[in-house]
Structures are given as C-alpha cells and as structure tokens.
Amino acid sequence: MPDARTGEVWILGATGRIGAAVAARLASREVPTALVGRDRDRLDKAHAKLGQGDRVKVVVAGTAEKIAEQIAQQRPTVVVNTIGEYAETALRLARACMPGGHYLDLAADPTATSRLLDLHEEAAAAGSTLVTGAGFGVLATEAVVVALCAGRPAPSHVRVDALASVAIEAGVVGAAFAASIIDVLTTGGLRYEDGRLTRTRLGADAQHLTLPDGQKVKSAGAPSGELIAARRASGAPNVTATSALVPTGAAVRAILPLAGKLLSIPALRRFAVRQLAGLRLKAASRPRRHSWGHAVITWPDGTSREGWLRADDGMDYTAGAAAEIAARLARGEGKPGAYTPAAALGPDLAAAAGGTFILP
C-alpha cells in the first residue's frame, strides 16, 4: 500500500556543528527540511540563519523518546540523526521511521553500527532504507574497499585507515562527542581474525603513512564502524582498521587499557562524560591539508592493491556525505534494508560527497 510521507528531511541535533551544516546543504538544494532539537531559541536562530521561510520548519523535542513520537505522528520521509549516543538512540528512532520512512546516522562505533545493521530484514519488510556510518570515516574507507574489490574474488586481508584532518571550532566538547571518546576507551581494540571479531589492545596495528600529497601521518587501531563496513564490503576473513585520532605514543598507548577498565564502571563513565563534555576547546586549523580514506587489499595469491580517497576537512566531508545520502533517500533512490553508505548507494557516493579517488 502507498505510504503517505511529507517529503521532509528532519535533522535531529540541528543546532550542532554537523546538524547545522547538513541543514544548510539541504536548504540550498531547496529540500523541505525540519530542524529538530530541545532548545526553541537556538532552533529559531538557526531557522532565521537559513533564510528559507516556510521550506524549513522547527520541531521542539527534548529526548529520543519525544522525537520518536513526533516522527511517528508527522511522518517525515527521511530522518538524519546527529544527536549521538547512537547505540542507545538509533534503534528507537529508526523504528519510528518504519514503515516507509528512511533513516541515517553518523555512528562510527562497532556496537551502534552492528545494532542498526541487524535491523536489515525488518527494514526490508517495511520498505525503509536505514544507513549507518554516514560520515567521513566509514564512507571514505568503505568506498575505497568496494572500488578495489570490484570484479575480484574475496581477499584474504584488508586494512583500512581513516585519516581525518579536522579544524577545531572554539567551544565545549559536547555530550555526544564526549560519550563517543569514552566509548572508544571502554570498548578497547578490535579486529577480524579468521572471520571472527577478536579483541586486541587499543592502539595496536600502529601505522606510519606517507600520504599521496607527501605529508606524513600516524594512526593506530581503534574499535570502529570502519572495521565492520570493510569486513562486509570485502568478505575478507582478516580485517584491521586504524584511525589518525588514536594516540600513537608508546606511553599513552600503554595506559589506555587501564583507563578503559576504569571508565567501564558506570559511575566513573558518567563522571568522565560530564567532565569531558564541558571542556572548552580553542579554535585550531586542521593539522593536514587533506583528510584521507585508505585501504590495502591482499588476495590469497599474494596480489595486493592500495587505494585512497582524498577529502578536505573531515567534519565538512561528514556534513556533505549526510546531506547527499539524505537527498538521495528523499528522492527514493535507496533500497529497502539496513546498510553502510557505499553498500546502500554505491561507491560513487563518496565522490558526490566531495571526495576524490586515487586508485591504481
């Protein structure tokens, strides 16, 4: 049966850095948009800044439960979740979009990514497309893996490296980002070995990379949505993932496991998130000219291929990716089910979001 939807794209967390950037991109395309958040004054200011009149509306809802109720009542076509705590919020909000509505989030941790992907059959039956990891790290690495593996059998080993370069805006860290940092510490390292997800030390698999533009960067292993996406895209039994955001110094890496154990205690985790969320950051330019997604693929016969995706500021790329995915879903281009970005819409999505492939 036809499912009556409004044609609107709702931006949850629309007054944050990414949410505001996604809203601006969609408004510039004249996509009917709703700014969703808990603070009416901030939402009204964001609405006035966009200057789109009736094409953009404001929805005030302060919790994931309240937002889910509004989604179920008002039936937007696409919901973009930038509010964070995806392991807790994604399932409730994605299910509120079904049947017929579509959902995407910026989850980059393996727990949240896997939980949403587990809704595949439910979403397919409901005619809804759910996309997780709709940001720089997952898309920039997954797209390179898909491009390198096209037309070839499953490889034996895959390594992906998410090498974001991000300008820091002055202001507080914020609860969503603080929770993400603490969750990385408490999860510890992960990799796939012989097809099984295996725990390892956070900061393992350290890399010293020379980028295609001649600059150098260090990265190390972390639990990430990139790991899940690379495994699914390649079918390789052995997969590792590193990030330039993980400390690579020997002294810091040595204390990360102890920090993770302490922060696994619920009371300490809550305290650490509160303290980190209120930390004030000074504005700083991005450390390198470009952000890079990188993959090295090795097949059982010893053949190896390496590829890159170049982007500018990693946060800007994330906003571009989320806006591009939302626009495509609003046009009905998604296939029902739950996916990572390139699996849902193809590797060309990475270029449409503002990236440039460098492939053999």
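## Exposure of two residues

A residue is called buried under 20% relative accessible area, exposed over 50% and partly exposed in between, with a 1.4 Å probe and protein chains only. Aspartate 39 has a relative accessibility of 34% and therefore counts as partly exposed. The model is a predicted one, in which local features need pLDDT of at least 70 and side-chain atom pairs count only at pLDDT 80 or more, while totals for chains, interfaces and linings use all residues. Residues are numbered from 1 along each chain as its sequence is written, and side-chain values use heavy atoms, with hydrogens and water left out.

Aspartate 39 sits in the loop between strand S2 (33-37) and helix H2 (40-50), where helices (H or I, at least four residues) and strands (E, at least two) are DSSP runs numbered from the N terminus. From aspartate 39 to arginine 305 the separation is 266 residues in sequence and 49 Å in space, C-alpha to C-alpha.

Arginine 269, in helix H11 (residues 266-277), is also partly exposed, at a relative accessible area of 22%. Leaving aside residues up to four places away in sequence, arginine 269 touches Glu85, Ala179, Ile182, Asp183 and Leu263, contact meaning heavy atoms within 4.5 Å. Alanine 179 is 90 residues from arginine 269 in sequence, yet the two are 8.6 Å apart in space, C-alpha to C-alpha.

## Helices H1 and H12

The axes of helix H1 (residues 17-28) and helix H12 (residues 314-330) come within 9 Å and cross at roughly 50 degrees; these axes are lines fitted to C-alpha atoms over the stretch in contact, and angles run from 0 to 180 degrees between N-to-C directions. Residues of H1 that make the contact include Arg17, Ile18 and Arg25, and those of H12 include Met315, Asp316 and Gly320.

## Aromatic pairs

Rings of Phe, Tyr and Trp (its six-membered ring) pair if their centres lie within 6.5 Å, and planes under 30 degrees apart count as stacked, over 60 as edge-to-face and the rest as tilted. By this rule there are 2 aromatic pairs. The rings of phenylalanine 136 and tyrosine 317 are edge-to-face, because their centres are 5.8 Å apart and their planes stand at 85 degrees. Since phenylalanine 136 belongs to helix H7 (residues 136-149) and tyrosine 317 to helix H12, the pair ties together parts that are 181 residues apart in sequence. Phenylalanine 136 and tyrosine 317 are both buried.

The rings of tryptophan 292 and tryptophan 308, with centres 5.7 Å apart and planes at 80 degrees, are likewise edge-to-face.
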